[in-house]
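The structure is shown first.

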Amino acid sequence: MTSDQIRDEVLDILQDIAPDDDVSQLKDDVPFREQLELDSMDFLDIVMELRKRHRIQVPEEDYPQLVSLQSTVAYLEPMLRDVQKV
Amino acid sequence: MIAPLPESQRIVITGIGLTAPNGNSLSEYRQSLLEGRSGVRPYNIRYVGDTLAGVCDYDACRYQKKKEVRRGTRAGSVGIYCAREAVADAGLDWDNVERRRVGIYVGVTEHGNVETENEVYQLKGFDYDTQYWSHHHNPRTVANNPAGEISLNMGITGPHYTIGAACAAGNAGVIQGAQMLRLDECDVALAGGVSESIHTFGIFASFKAQGALASHDDASRASRPFDAQRNGIVVAEGGCMYVLERMSDARARGAEIYGEVAGYAINSDASDFVLPNPDRQVECIEAALRRAGVAADEIDIVSTHATGTTEGDVQECKALQRVFGQCENTLINNTKSFIGHAMGAAGVLELSGNLPAMRDRMCHATINVDELDPECDVPGLVIQEPRETRGVRYVLNNSFGMLGINSVLVVRRV
């Protein structure tokens with residue numbers, strides 16, 4: 001997956017988690033929590049969806065990497081580089 | 001005769017919010033009941049396949065964000081819709097109601113089956129590896145969930161819990177609310193019952209295995225208590241919540257009053273897991289009448305529990321025959337014939353279907369009785385067409401459940 005495809009994938013996950021918001025308006029370099037009403041359960045939803053969709057395990061110590069769209073894409077890039085977009 | 005209670009101990013219904021398979025407000029629902037409109041339709045659920053159910057179509061997003069709907073349960077959503085509608089209907093100045101003095105008492109037949117089945121179903125896709133099990137599972141399945149979601153949505157900080165009472169739960173929720181008001185545990189009780197049961201395949205499969213799941217080519221004719229051709233229960237979802245207040249508080253704010261919870265009783269058969277016991281039903285009905293201080297022949301409408309099973313309907317009719325057999329003016333009907341069996345909501349929904357009779361003086365019918373079972377031929381049974389009454393002062397509502405729990409409410413016109 002390219003970084004643009006990973007970005008789209010993260011946005012897709014976020015749209016499911018925050019269906020009342022328009023995630024297409026998110027700023028890449030601003031933390032999610034400053035732009036969306038996300039709590040810890042929502043955050044766990046992101047982790048779970050990555051696990052379900054791509055078998056990616058995000059260890060708890062890496063959770064801070066998922067703070068914004070930009071940091072999340074950067075974190076996932078090495079893991080998803082060789083994965084084909086379905 | 002029991003001495004009248006002071007108004008601070010008399011509990012009245014001042015708001016009704018509901019969703020039923022044939023109406024999303026009391027007026028819609030009542031109109032459907034008077035016009036003979038069923039809410040049962042074809043339905044499909046995993047593993048069981050094509051069947052029938054009473055399905056609600058209320059607008060969940062009227063009072064919840066999409067995110068709340070996604071995170072919560074159907075039972076919670078039904079409860080929120082009904083509680084919000086009840087508060088609006090009661091005309092309470094909600095912004096100025098002290099939220100710590102509001103109690104939430106929600107009757108449920110079961111809770112957690114839907115959410116557990118969904119999780120197990122999706123877990124199958126991951127070869128039952130539990131690291132794919134949702135972190136939402138516990139908050140969705142704790143037994144207080146349907147009441148807790150109402151608390152979260154409405155910012156209510158008084159007590160909230162559910163009352164598990166099988167299919168007697170709707171009445172039990174109202175009884176609990178009335179008791180808590182009398183004990184001064186709250187000033188406003190949101191009380192009633194909810195059902196999300198059509199979303200669990202297990203309840204359909206279990207009734208089917210028991211030979212108690214209704215089937216019919218015409219969905220609207222499948223729920224047929226008292227009819228000779230009845231063949232079981234139509235499972236329904238729904239909910240109904242009341243605003244209950246002390247009569248003194250309701251009068252002080254000039255509230256419109258639907259009726260007074262004049263009498264109630266809950267007892268147990270202690271005889272069988274599923275088969276009803278007419279002796280205990282009679283005792284329960286008579287205990288509620290005693291508490292209300294009324295004689296059987298003062299009851300204008302008896303709203304029956306009958307679900308459309310062969311045995312259950314006959315047993316209830318035996319009990320009714322014994323208590324009301326000599327009452328010339330008491331009419332008897334059944335709301336499940338329209339909506340199916342709304343489980344935890346059934347008792348309170350069925351009572352609500354009959355409360356408007358205190359104003360419009362009509363007793364709604366029991367539909368789908370094409371050939372009355374001779375064993376269900378109790379005097380006063382209103383079948384096929386609604387009947388004009390002599391005026392309705394008292395409604396008595398039966399609601400019974402598995403493991404032998406009986407509940408009866410008597411509501412008096414104020």
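The contact between the chains takes eight residues from chain A and nine residues from chain B, where two residues are in contact if their C-beta atoms, placed from the backbone, lie within 7 Å. On the side of chain A that touches chain B, five residues are nonpolar, none is polar and three are charged. Here Ala, Val, Leu, Ile, Met, Phe, Trp, Tyr, Cys and Pro count as nonpolar, Asp, Glu, Lys and Arg as charged, and the others, Gly among them, as polar.

The model is predicted: local features need pLDDT of at least 70, side-chain atom pairs count only at pLDDT 80 or more, and totals for chains, interfaces and linings use all residues. Residues are numbered from 1 along each chain as its sequence is written, and chains are lettered from A and ligands numbered from 1 in the order in which they are written.

The largest nonpolar core has 124 residues, and A86(B), L190(B), Y242(B), A288(B), L409(B) and V410(B) touch the most other members. Such a core is a set of buried Ala, Val, Leu, Ile, Met, Phe, Trp, Tyr and Cys residues joined through C-beta atoms within 7 Å. A residue is buried if 20 or more other C-beta atoms lie within 10 Å of its own, exposed if 12 or fewer, and partly exposed in between. Helix α3 (residues 74–90) of chain B gives the most to this core, with nine residues; helices (H or I, at least four residues) and strands (E, at least two) are DSSP runs, numbered from the N terminus. Another core, of 13 residues, lies apart from the largest one and includes I6(A), V10(A), L69(A) and V73(A).

In chain A, helix α1 (residues 3–17) packs against helix α4 (residues 69–80) at an angle of about 120 degrees, with their axes 9 Å apart. S3(A), I6(A), R7(A) and V10(A) in α1(A) meet residues of α4(A), including L69(A), T72(A) and V73(A). By class, this contact of α1(A) with α4(A) has six nonpolar, two polar and two charged residues.

Helix α13 (residues 346–354) of chain B has nine of its nine residues buried, so it is largely enclosed by the rest of the structure.

| Residue | Phi | C-beta neighbours within 10 Å |
|---|---|---|
| R55(A) | near 55 degrees | 11, exposed |
| N368(B) | near 70 degrees | 27, buried |

R55(A) is found in the loop between α3 (40–54) and α4 of chain A, and N368(B) in the loop between β11 (362–363) and β12 (387–388) of chain B.

Methods: Axes fitted to C-alpha atoms, helices over the stretch in contact; angles between N-to-C directions.
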